Amino acid sequence: MSPGWLRGLWRRARRWVLVGATVAGVLLVAGSAAVWLLSRDLPDIAALRSYQPSLVTRVYADDNRQIGQFYVEKRVLTPLSKIPPRLIQAVIAVEDSRFYHHEGLDLIRIAKALLVDLASFEMREGASTITQQLARSLFLTQEKSLKRKVREILLALKIERLLSKDEILEMYLNQIYFGHGAYGVQAGAKTYFGKDVAELTLAEMAFIAGLPKAPSNYSPYFYPERAKARQGVVLRRMLDEKFVTDAEFRQAYQEDLYFARYQAPEEIAPYFLESLRQQLTATYGEEMVYKGGLNVYTTLNIDMQKAAVEAVREGLRAIDKRQGYRGPLGHVKLNEDSRVPKTSARPVSQIQLGEIVEGTVVKLSAQRATVAVAGASGILAIEDAAWARKRLLPPDFRTAEVRSAASLSHLFAVGDRILVRVIRREPDGKLALALEQEPVVEGALVAVDPRTGGIRAMVGGYDFKRSEFNRAVSARRQPGSAFKPIIYAAAIDRGLTPSTILVDSPVIFDDPVLQKIWKPTNYEDRFYGPITMREALAHSRNVATVKLLEQIGISTVTEFARRVGITSPLGNDLSLALGTSGVGLLELTSALAVFADEGRRVEPGGLRSVTDHGGAVLAHYEPNPTVVISRETAYVITNMLEEVIQSGTGTRARVLGRPLAGKTGTTNEFADAWFVGYAPNLAAGVWVGFDDRRSLGDREAGASVALPVWVTFMKEALSELPVQGFPIPEDVVFAKVDPKTGQLAAPGGASTVEIFVKPTVPTTVSRPTADIHRFHQLDRGA
C-alpha cells in the first residue's frame with residue numbers, strides 16, 4: 001500500500017468529516033433555531049405556582065342534597081396527602097416508573113418511541129413522562145405531531161425547574177382525565193365506585209390508574225374485558241417495580257370489581273338550574289361558575305320538585321289525549337314469524353310499572369293488540385286505547401275525525417310503533433299496557449314559600465331536552481280571570497267590601513282608541529243581575545268585574561298591582577279586568593303570595609347562600625319582607641278566594657281538605673288555562689297552553705286543565721307541611737248581611753255571615769223585601 005494512496009484516502013476522509021461536521025453544525029443550528037422559535041411562544045408557566053384547576057360548581061337543595069352541577073371538567077381537588085400511597089405507586093408504575101429519577105424526560109423511552117414511529121412512518125408510540133402529560137393537559141392539544149412533541153418537552157423541562165416532584169404529581173393526579181366526565185382521582189373514584197378515593201381497594205386503585213392512557217377504550221361499562229386486561233397490566237407493573245408482593249398481585253387481580261351503575265346524570269330541576277345558572281353567571285362571571293368550584297345552596301325542595309314534574313307531565317298528557325291521537329310513531333316490517341327486528345332495547349325486567357316505553361304492534365284483533373316491548377309481550381286492551389278514536393289528521397294535526405271504537409284495527413296496523421305505559425304485570429308474565437303519546441301542549445308550574453319568597457319547585461315545560469324555554473319565568477301570557485284577585489283586592493283596599501253589590505248586566509263600551517264597540521260577556525253567556533263582590537269573584541263574572549274596574553279606576557288597579565309585585569306592562573283600558581295584559585307565572589304567583597303572607601311581599605328567589613370551593617361565604621340571602629298592603633286587605637281577599645274553592649270555579653281543590661285560596665283563569669278561544677292558589681305556607685301557580693297560542697279545545701278552561709295539575713301537585717307538596725288556617729286580623733269583624741242588598745240583615749230576613757274591615761261594616765239595615773234590587777236573569781241577546 002503506497003504512501004500516495006494513504007494520503008489520498010486521508011484527504012477524502014477529511015473531506016467527508018468536514019462535510020459531516022458542516023451538516024451536523026447546520027442541523028444543530030437549525031435545530032437550535034427551531035427550538036428557539038418554538039420556545040418563543042410557549043405559555044407562561046409561572047402561574048403554576050398558584051395554579052387552581054378547573055373545579056365543579058355544585059348546587060344543593062334545601063336539605064343540602066346535591067341537585068346539579070356546572071362545570072367544564074368534573075373535578076374534586078384532592079391534596080397529595082389525601083391520596084392513598086398505593087394509588088400513587090400504581091400511577092407511577094404504569095405511566096412513568098422513573099418519575100422521581102429524571103428531569104422531565106425519559107430518554108430511553110423516547111428513543112424507543114422514536115424507533116417505533118420511524119419504522120411505521122407515523123406517530124404511534126408514546127413515551128411521555130408524567131410531567132409531559134401534565135404539560136400537554138394544561139397547555140397543549142392532543143394533536144400527534146413533532147411540533148407539539150417538542151413544545152411538550154420544552155414545557156416539561158420548565159415545569160420540572162419550577163415545581164417539586166410532589167407538586168407535579170399532585171397537580172397531575174387532580175388534572176388528568178379518567179373518563180365519563182371525571183377529572184382527577186377523586187372524581188374517578190366517585191364515578192366508577194361511588195366512594196371516596198381514600199376508600200379504594202388495591203384492585204380498584206389499579207383499575208383507576210390504568211384509565212388515563214385511553215379512558216374511552218377502557219370503560220368498564222362498554223369494554224369490560226379491556227378494562228380487566230388493563231387492570232392486569234397495572235398490577236403487573238406494580239409487581240415489577242416491587243410496589244406489591246406476588247400474593248398481593250394475585251389477590252388484587254382475582255378480586256371482583258363492583259362498579260357504580262352508569263347512567264346519564266338526570267337533573268330533576270333543569271329549568272330551575274338554568275335560571276340559577278343565568279343569575280350566578282351575571283353575578284360571578286362564567287369563569288367562576290364553570291371552573292371556580294362554588295357551592296350553591298338553594299331553596300328548592302326535592303320532594304316538591306318531583307311532585308311538580310309528575311303533576312305537569314301527567315296533566316299535559318291528559319289534555320293532549322283529549323285533543324286526539326296523532327297516530328303511530330312509525331312503522332316497521334315484521335319478520336315472517338311476526339317478530340320485531342332485534343334492537344338494543346333494555347331487558348323487560350328493568351322496565352318499571354308506570355313507565356312509558358316504545359312498543360311495536362305484532363298482532364291485532366278487535367278487542368286487543370299484542371305489543372312487543374323490550375323483547376317481551378304486552379297486551380293493549382281496547383278500553384286502554386279508547387281515547388285514540390279521536391284522530392288528528394296530518395299535516396298540522398289540528399283537524400280531527402272520530403273513528404269507530406268497535407275494533408282496534410280502526411286505530412292501528414300490525415307493525416305500528418307506538419308509545420305505551422306499563423300499567424301492571426299479569427300472572428302469566430305479560431305486561432298490561434295503555435296507549436300513550438308525547439304531548440305537544442306545554443305547561444309550567446312554580447311554587448314559592450310566601451314567607452321567605454323561596455322557590456320550592458319549578459317546571460318550565462314538558463321536557464327540558466325538547467325545549468329549554470322556561471315558561472314559568474320567561475313567558476308572558478294573558479292570565480284571564482286569574483288576574484281578578486288583583487282587581488278585587490284593590491277594591492277592598494279602597495274601602496269596598498265583599499258584600500258590595502255589583503250589577504251584572506249587559507253593557508256596551510265605545511273604545512275611541514280601537515275605534516270599535518266592546519260588549520263584554522260572561523263565560524256562561526248569561527247575566528246575573530245584582531250580585532255581591534264575593535259572588536262575582538267566586539264565579540268569575542266578567543261583566544261585573546269590568547264595571548268594578550270602571551268604578552275604582554284603572555290607575556288604582558295598576559298602582560296596586562305594582563305594590564304586590566306585578567312588573568309586566570298593564571293595559572290602560574277596561575279589558576284589564578279580563579286579564580288581557582300578559583304576565584309571568586312566577587310574577588303572578590308571587591303577587592298572590594302577598595295575600596298568603598298577610599300583606600308582606602318578599603322578592604321570589606332560589607338562593608340561600610353561595611360559598612367558594614374552600615367554604616368561604618360569598619353571599620348569604622335572607623328574606624327581606626316588606627309590608628305592601630294591610631293585613632286586613634290581605635285577609636279579606638284571601639277569604640273571598642277561599643270561596644272560589646268552596647263554591648266557585650275552583651271546587652276541585654276541596655278534595656285537599658285544608659284552608660286554601662285561589663283563582664282559575666281562562667283566555668279567549670281557550671288559549672291559556674291558569675290556576676294560582678295558596679295555603680298559608682305554600683303558594684303555587686300552573687299555566688297550560690300552546691307556545692303558538694292556539695286553542696286548547698272547546699271548554700278546556702282553567703278549572704278543567706290547570707286546576708287538576710295544581711291539585712295533584714299540592715296534594716303531595718302539602719303532605720309534609722302542617723295544616724294552617726289564615727290568621728284573622730283584629731280589625732276584621734263578622735256581621736250578618738242581606739245577600740240581596742249587601743246591607744245589614746233585617747230581623748227575620750234572609751242573611752249570611754260576611755266579613756268586614758271595621759270601618760266598612762254596613763250601617764243600614766236592609767228592608768225585608770228589596771224590590772228595587774230585583775233583577776230577572778237575562779240571556780245574552782236580551
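Helices (H or I, at least four residues) and strands (E, at least two) are DSSP runs numbered from the N terminus. The buried residues of α14 are Lys-484, Pro-485, Ile-486, Ile-487, Tyr-488, Ala-489, Ala-490, Ala-491 and Ile-492. Gly-495, which follows α14, has a positive phi near 110°. The model is predicted, with local features requiring pLDDT of at least 70 and side-chain atom pairs pLDDT 80 or more, whereas totals for chains, interfaces and linings use all residues. Numbering runs from 1 along each chain as its sequence is written, and side-chain values use heavy atoms, with hydrogens and water left out.

Leu-588 belongs to helix α18 (residues 585–596) and counts as buried, because its relative accessibility is 0%. Contacts (heavy atoms within 4.5 Å) link Leu-588 to Pro-479, Ala-482, Ile-566, Val-583, Trp-674 and Val-676, when neighbours within four places in sequence are left aside. The C-alpha atom of Leu-588 is separated by 9.7 Å from that of Ala-684, and the two residues are 96 residues apart along the chain.

Two strand residues are also buried. Ser-609, in strand β23 (residues 607–611), is assigned as buried because its relative accessibility is 13%. Beyond its neighbours within four places in sequence, Ser-609 is in contact with Asn-295, Val-296, Tyr-297, Ala-619, His-620 and Tyr-621. Arg-391, in strand β11 (residues 390–393), is buried but has no salt bridge, and Asp-416, the nearest side chain of opposite charge, is 6.3 Å away. For charge, Lys and Arg count as positive and Asp and Glu as negative, while His and the chain ends are not counted. With residues up to four places away in sequence not counted, Arg-391 touches Tyr-325, Arg-326, Gly-327, Pro-328, Thr-399, Ala-400, Glu-401, Arg-403 and Leu-411.

The structure contains 38 salt bridges, each defined as a side-chain nitrogen of Lys or Arg within 4 Å of a carboxyl oxygen of Asp or Glu. One of them joins the side chains of Glu-152 and Arg-136, at an N to O distance of 2.7 Å. This pair links distant parts of the chain, with Glu-152 in helix α5 (residues 146–162) and Arg-136 in helix α4 (residues 130–139), 16 residues apart. Both Glu-152 and Arg-136 are buried. Arg-277 and Glu-274 form another salt bridge, with the closest N and O atoms 2.7 Å apart. Arg-277 and Glu-274 are separated by about one helical turn, because they lie three residues apart in helix α11 (residues 270–284); both are buried.

In the salt bridge between Arg-563 and Glu-559, the closest N and O atoms are 3.0 Å apart. These two residues are four residues apart in helix α17 (residues 554–564), and therefore about one helical turn separates them. Arg-563 is partly exposed, at a relative accessible area of 27%, and Glu-559 is partly exposed at 42% relative accessibility. Elsewhere, salt bridges that share partners join Glu-314, Arg-317, Lys-321, Arg-421, Glu-436 and Glu-438 into one network.

Conventions
Buried < 20%, exposed > 50% of the residue type's maximum accessible area, 1.4 Å probe, protein only.
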